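Good morning, and thank you for coming. Please have the structure open as I speak.

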Amino acid sequence: MAQPLDTSHFWMPFTANRQFKTKPRLLAAASGMHYTSDDGRKILDGTAGLWCVNAGHCHPKITAAIQQQAAEMDFAPTFQMGHPKVFEAATALASIAPEGLNRVFFCNDGSESVDTALKIALAYHRMRGDGLRTRLIGRERGYHGVGFGGIAVGGIAGNRKHFGPTLPGIDHLRHPLDISRNAFSRGLPEHGAEMADELEQRMLALHDPATIAAVIVEPVQGSTGVILPPKGYLQKLRAICDKYGILLIFDEVITGFGRLGSAFAADFFGVVPDMITCAKGLTNAAVPMGAVIVRQDIHDAFMDAAPENTIEFFHGYTYSGHPLAAAACVAAIDVYREEGLFDRAAAMAPYFEQAAHSLKGLPYVKDVRNLGLVCGIELEGVPGKPTARAFDVFQKCFWDKNVLIRTTGDIIALSPPLIIDRQQVDQLFGAIADVLKTQQAVPQTDTVAA
Ligand SMILES: Cc1ncc(COP(=O)(O)O)c(C=O)c1O
């Protein structure tokens with residue numbers, strides 16, 4: 001008889017460990033739109049793993065590329081050495097990036113890509129003799145990973161409060177979520193573009209624009225519950241940054257690789273930042289990898305300023321451009337292109353939107369917001385038990401409906417693989433609707449702070 005799984009040693013990330021271990025939710029296999037749970041159930045993946053498996057699970061072409069690379073060369077350093085695949089990967093990524101952003105620094109995940117981009121911003125100004133620019137501006141409810149740079153510019157209390165003062169010289173814009181004016185908007189909300197003006201009117205007025213190095217935002221705030229930029233908001237941020245020589249960084253760890261129906265959110269919004277941070281869909285999540293895509297002249301400033309034969313940027317990771325990740329990256333970008341997955345997401349978006357908004361009017365549904373193949377469903381919380389409502393829906397979807405969703409606070413966030421079809425869209429929202437219809441005022445399942 002198989003031994004029961006020992007769950008005691010793995011300290012799980014962003015998990016209520018004690019709750020989880022009373023009844024583990026285990027995934028054992030995956031293919032296309034589905035996981036298979038350890039008890040043999042086929043689970044529809046409504047979250048592309050963790051916003052990352054955009055081409056669907058275990059894509060044969062990506063799997064083969066990784067297998068082949070692992071057999072051919074397991075590892076090669078990229079400090080003062082190189083290997084062909086990493087250059088191919090950078091070329092492939094530049095080929096789908098917005099025009100002008102064509103220099104690529106590789107790292108291993110989204111958190112590292114954020115910290116790398118912040119360091120590039122600070123060093124860039126210094127290289128050009130503008131070393132007073134040391135301040136960084138993020139946004140409330142922004143998620144930029146868990147490095148010290150990322151939690152400092154990020155705006156999530158839970159990610160910061162246990163870890164001291166983090167970085168100095170940081171400030172935050174307000175987030176633009178305004179349910180009172182924009183509830184149940186389809187696509188971009190109408191109201192709130194003026195919130196971008198506070199960058200100029202409050203932040204720059206307070207700190208002096210000449211001290212600001214960069215502004216970093218997620219074009220669509222994902223992890224704190226799908227917060228969409230009001231129409232015109234990102235354009236305003238771009239204009240203010242341009243006016244004062246401040247770099248604009250888009251954190252596209254979630255929005256990159258087709259989530260909005262275009263390669264990057266920058267394309268979708270027609271707003272080109274100075275740097276894009278990305279990860280997740282970069283390799284279809286099959287091997288960890290992150291990257292910063294940098295405007296060429298920012299890169300060139302480093303090349304021009306540093307003395308000959310010296311290292312221009314003192315930064316890097318042992319696994320920057322790891323061969324397996326590079327192989328997965330090249331294969332994933334090929335798959336996105338060959339299968340037209342970004343266009344496919346754009347074509348499916350109206351159907352997805354319709355299905356999402358069909359939840360309006362169901363018990364406890366306070367707001368539905370959507371763009372491309374991402375959607376947030378905000379629920380009325382249980383008084384005194386924040387997160388309990390959404391977590392109950394999550395548990396019931398997984399155990400009773402064979403559907404994987406993700407929740408944050410009392411918000412359900414959906415981001416299926418881009419290969420989802422109409423029947424699967426119906427299944428996903430149908431499962432959530434069924435569960436909501438049977439919601440009790442106070443759910444009986446275990447609660448958890450997420
Ligand atoms: C916008 C954004 N930035 C950064 C990160 C951190 O990425 P990672 O978990 O790969 O470090 C995430 C993760 O979800 C994210 O959504």
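I shall cover the domains, then the central sheet, and finally the nonpolar core.

Please keep in mind that this is a predicted model. The domain assignment divides the chain into domain 1, formed by residues 17-55 + 340-437, and domain 2, formed by residues 62-338. Taken over C-alpha atoms, the centres of the two domains are 26 Å apart. To the contact between them, domain 1 contributes 32 residues and domain 2 contributes 29 residues.

Which elements of domain 1 give two or more residues to the side that touches domain 2? They are α2 (48-51), α14 (341-357), β11 (365-371), β12 (374-379) and β15 (411-414). Of these, α14 gives the most, with 7 residues. In terms of composition, this side of domain 1 has 17 nonpolar, 9 polar and 6 charged residues.

Let me stay with two of those elements, β11 and β12. These strands run antiparallel and are joined by 6 bridges. Within the pairing, Asp-367 has Glu-378 in β12 as its bridge partner. The hairpin that the two strands form has 2 residues between them, and Gly-372 there adopts a positive phi near 55°.

As a reminder, strands of a sheet pair through backbone hydrogen bonds, either parallel or antiparallel. Here we have an open sheet of 7 strands with mixed pairing, in the order β4-β10-β9-β8-β7-β5-β6. On average, and ignoring direction, neighbouring strands are turned by 20° against each other. Helix α9, residues 198-207, packs on this sheet and touches β5, β6 and β7, with its direction at about 160° to that of β6.

Is β5 mostly covered or uncovered? It is mostly covered, since 5 of its 5 residues are buried. Burial applies to both faces: Arg-135, Ile-137 and Arg-139 lie on one side, with Leu-136 and Gly-138 on the other. Strand β5 (residues 135-139) runs parallel to β7 (residues 212-217), and 3 bridges join the two. In that pairing, Arg-135 has Ile-212 as its bridge partner, while Leu-136 stands opposite Ala-214. Strand β5 also pairs with β6 in the parallel sense, over 4 bridges, and there Arg-139 is partnered by Leu-173.

Finally, the interior. In soluble globular proteins, nonpolar side chains tend to be buried together. In this model, the largest nonpolar core has 135 residues, and those with the most contacts inside it are Val-215, Ala-291, Ile-293, Ala-328 and Cys-329. Helix α13, residues 323-338, gives the most to this core, with 11 residues. The core also draws at least three residues from each of domain 1 and domain 2.

What does Ile-293 touch, leaving aside residues up to four places away in sequence? Its contacts are Leu-93, Ala-97, Leu-101, Val-104, Met-275, Ile-276 and Cys-278. With that residue I conclude, and I welcome your comments.

Terms used. Residues numbered from 1 in each chain as written. Predicted model: local features only at pLDDT ≥ 70, side-chain atom pairs only at ≥ 80, totals over all residues. Core = buried A, V, L, I, M, F, W, Y, C linked by C-beta atoms within 7 Å. Buried ≥ 20, exposed ≤ 12 C-beta atoms within 10 Å, placed from the backbone. Domains from an automatic or database assignment. Contact = placed C-beta atoms within 7 Å. Pairing = 2+ DSSP bridges. Axes fitted to C-alpha atoms, helices over the stretch in contact; angles between N-to-C directions. Nonpolar A, V, L, I, M, F, W, Y, C, P; charged D, E, K, R; others polar.
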